[in-house]
Amino acid sequence: MKIAVCIKAVSKTLDERNTSEGSMYALNAYDSFSLLNILQSKADAVDISVTCICMGPPSAESVLRRCLAMGADDAVLLSDSRFSGADTFATSHVLAQAIRKMKFDVVIGGQKSVDGETGHVVYGIASRLELLCVSNVTSTKILDGRHLLVRYIDEDSIKSARVQVPVVLAFNDYNVSNTVSLLQLKQARGRRIGVLNADDLQIAENECGQAGSKTLVLRSTAQNMNSKRETEFIDSNARNHFIFLREKLKEIC
Amino acid sequence: MHKSNIIVVMDPDIKRNGLLNFELLGKARALAAEDNLLVQAIYAGEDDENYMQEILCHGAHKLSFCNTGPARGYRLISRIVKEAVVLNRPELVIFPGTVLCKAIASTLATELGAGLTADCIDIRTDAKWKYVFSRAAMSSSVIADIVCINTDYRISTIKQNVFSNNVRKYPKSNIAIEIIKMSSGMKNPEPDLLYSEPCQEISNTDLKRAKLIFAVGRGVLHEDIDILTEYTNRFGGVVGGTRVLVEQGILPKNRQIGQSGVTVAPDLYVAFGISGASQHVAGIVNAKKVIAINRDENAPIFRYSDYAIVADTHDIIRYFKKESEG
């Protein structure tokens, strides 16, 4: 069974724990969770190959190297200056094209990224490949060459379902800490990471990057000043503080 | 002549999200008024005559209904919505920010080549761009203003409580409900469900609807959380908390308040031992009154509070305990 894991490299300021030494990028915590989960199936001696795919600049390869250190079999970086400025629409196009070319049975990934947090890309990929996307997945188990057992959350219930490949699975959980041993990192250093550009993927310039995007960020401003309030400091002892709280509580209840 | 419109898609789980649907209808109606547009609601779900009449009283000029019964497959509903959108060519499509509707929105946007903005906290009309969508990003440290380019379709998803102030009753529209027929080719292939167990610990509906919330952060002792929980429950309130406490396993995920968690809109929000990280504050902007208690007088939370108490949470919670026992 061939499994593709979609990986996003995010700024390391958002997640120091998932960052390798010297890298500018961290492995998106939701993607990390999905990768670890599928590697668990691999550990249970099932015949699967796990390939991590990431669309990013050349320096994002450090994140893919971390994936290899964690146990992935292969890693491919989709990199091209024409990919830059991509929104979720353009991103899902590039990833879907790579997945299509490499012919995978299962596509997994984090449901969202810790920076954008849109949750669009997995569905974009599923839509383009005309596959079902099961989201809010918490764990998965490979049953046989064509089937997986998937545990997912649907509103207020935990559900367990049997799905048939090909399928897209989106994991909506994250690892708080994900340590990789120095030995694993050392072994990963020598591994080859394939790089594909727009021409390799047969993607036209107007289909990727900003040119292929449907949204544009006009401006980003620091946290909205409008949510600030006029603050009154209540300066007293603990007992009076309690009484103040209780009064406010009674006012509204 | 065909008048342009704003389409609002209803979440079919009206028991959980009925109010959210009205929030979006209200916002759409306010936006529509600026450009003399009509608001069209699309509802694919169970045949509920009462609710459909309510839709027409809460901002929709038109309602298009497809009887899909209890089916909740996102791909099925995507097809229905897509047909209606392509037919009506709206200026804007708004979806509730629920799991199901975000799946539908993402799928629809991909198929139509639409500009999609997730979890908007505001939508404004704009002479140049038609609409500007605002959303928080980077753990809420920034607010991004986003516009749609290279497309005729603009779609946005909005979470509960963002537009809670927009819920309003309008004079009921007289336009007859349009019935959308499901074309026979529509399948609804869902995963082969083996079992489903309801799990109370997952639901966060109570937190979304709560009028009174006691929220806890790192500055609260574990045993004090239980005391607060017991106390709030008596007043019909709910306890929530910060991402840190969820990550540490002290609170379950469905108690998380903030950008990645729930956006709340209580009448009273009391923050115990919470520093006020931007991604948490993003979840409480619609609280009517905020009281914050923190040992550190420079805690950012105070800037977003109506009342500030610089104190150790334990000293105050002791009195909650005394009153509970006494």
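**Group meeting: a walk through the A–B model**

So, Gly97(B) comes out as buried, because its relative accessibility is 17% and the cut-off for buried is under 20%. Keep in mind that this is a predicted model.

Let me stay with that glycine for a moment. Gly97(B) sits in the loop of chain B that runs between strand E4 (92-96) and helix H4 (99-112). Who does Gly97(B) touch, once we ignore neighbours within four places in sequence? The list is Leu20(B), Lys102(B), Thr157(B), Ile158(B) and Lys159(B). Asp11(B) is another one to look at: 86 residues separate Asp11(B) from Gly97(B) in sequence, yet the C-alpha atoms are 9.0 Å apart in space.

Okay, aromatics. Across all chains we have 14 aromatic pairs. Phe22(B) belongs to helix H1 (residues 14-35) of chain B and Tyr51(B) to helix H2 (residues 49-57) of chain B, so to speak two distant parts of the chain, 29 residues apart. Are these two residues buried or exposed? Phe22(B) is buried at 8% relative accessibility, and Tyr51(B) is buried too, at 9%.

One more ring before we move on, and that's Tyr170(B). The charged end of Arg29(B) sits over that ring, 4.3 Å from the centre. Arg168(B) also has its charged end over the Tyr170(B) ring, at 4.4 Å from the centre.

Now the interface. About 6900 Å² is buried between chain A and chain B, and carbon and sulfur atoms give 59% of that. On the residue side, 71 from chain A and 89 from chain B take part in the contact.

How many salt bridges are there between chain A and chain B? The count is 4. As an example, take Lys253(B) and Asp173(A), which form a salt bridge with their closest N and O atoms 2.7 Å apart. For polar contacts between chain A and chain B, the count is 23 residue pairs, both partners at pLDDT 80 or more. Several elements of chain A supply at least two residues each to the side touching chain B, among them H4, E7, strand E8 (147-154) and helix H6 (238-252). H6(A) has the largest share of that side, with 10 residues.

Val165(A) and Pro166(A) are joined by a cis peptide bond, with omega at about 0°. Pro166(A) is in the loop between strand E9 (157-164) and strand E10 (167-171) of chain A.

Then there are two positive phi values to check. Lys103(A) isn't a glycine, but its phi is positive, near 55°. You'll find Lys103(A) in the loop from helix H3 (88-102) to strand E6 (106-110) of chain A, and Lys103(A) counts as exposed because its relative accessibility is 64%, over the 50% cut-off. Glu130(A), again not a glycine, has a positive phi of about 55°. Glu130(A) lies in the loop between helix H4 (121-128) and strand E7 (133-142) of chain A, and with a relative accessible area of 71%, Glu130(A) is exposed.

That's my tour; over to you.

Definitions and conventions:
Residues are numbered from 1 along each chain as its sequence is written. Chains are lettered from A and ligands numbered from 1 in the order in which they are written. This is a predicted model: local features need pLDDT of at least 70, side-chain atom pairs count only at pLDDT 80 or more; totals for chains, interfaces and linings use all residues. Side-chain values use heavy atoms; hydrogens and water are left out. Helices (H or I, at least four residues) and strands (E, at least two) are DSSP runs, numbered from the N terminus. Buried means under 20% relative accessible area, exposed over 50%, partly exposed in between (1.4 Å probe, protein chains only). Contact means heavy atoms within 4.5 Å. Rings of Phe, Tyr and Trp (its six-membered ring) pair if their centres lie within 6.5 Å; planes under 30 degrees apart count as stacked, over 60 as edge-to-face and the rest as tilted. A charge sits over a ring if NZ of Lys or CZ of Arg is within 6 Å of the ring centre and within 35 degrees of the ring normal. Buried area is the accessible area (1.4 Å probe) that two parts lose on being put together, summed over both. A salt bridge is a side-chain nitrogen of Lys or Arg within 4 Å of a carboxyl oxygen of Asp or Glu. A polar contact is a pair of N or O atoms within 3.5 Å; within protein, one must be able to donate a hydrogen and the other to accept it, and residues adjacent in sequence count only if both atoms are side-chain atoms.
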